[in-house]
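This report describes selected features of one protein model. Please examine the sequence and the structure shown below before reading on.

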Amino acid sequence: MQLNEAVAGDALTRLKRAQGQLASVISMIEEGEECVKVLTQLAAVSKALDRAGFKLVATGMRHCRSARERGEEPPMSEEELEKLFLALA
């Protein structure tokens with residue numbers, strides 16, 4: 001399945017947000033911020049990345065289901081999608 005901005009939409013937005021959060025975490029460390037604050041922000045970055053990945057897998061599942069409903073060969077098998085999902089878990 002080819003990804004583009006139209007397909008990845010929400011996941012791309014989440015990744016851009018995470019990119020900004022990560023830059024903030026790096027700055028916090030460089031400025032000697034409190035550990036608890038840094039780890040709290042780092043946890044937010046991690047969650048944002050996870051959610052973006054799950055969003056991409058969900059998008060892939062929808063595209064594959066739509067292809068099957070049209071009688072076409074889906075771009076990925078259920079096994080491939082499951083493997084990707086489990087890689088994120």
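## Basis of the description

Helices are DSSP runs of H or I with at least four residues, numbered from the N terminus. The model is predicted, so local features need pLDDT of at least 70 and side-chain atom pairs count only at pLDDT 80 or more, while totals for chains, interfaces and linings use all residues. Residues are numbered from 1 along each chain as its sequence is written, and side-chain values use heavy atoms, leaving out hydrogens and water.

Five salt bridges are present in the structure (a side-chain nitrogen of Lys or Arg within 4 Å of a carboxyl oxygen of Asp or Glu). One of them joins arginine 14 to aspartate 10, with an N to O distance of 3.0 Å. Because these two residues, arginine 14 and aspartate 10, are four residues apart in helix H1, about one helical turn separates them.

## Packing of H2 and H3

Helix H2 (residues 35–69) packs against helix H3 (residues 78–88) at an angle of about 170°, and their axes are 10 Å apart. Axes are lines fitted to C-alpha atoms, for helices over the stretch in contact, and angles run from 0 to 180 degrees between N-to-C directions. H2 and H3 are therefore roughly antiparallel (angles over 145 degrees).

Key: Parallel < 35°, antiparallel > 145°, perpendicular 65-115°, else oblique.
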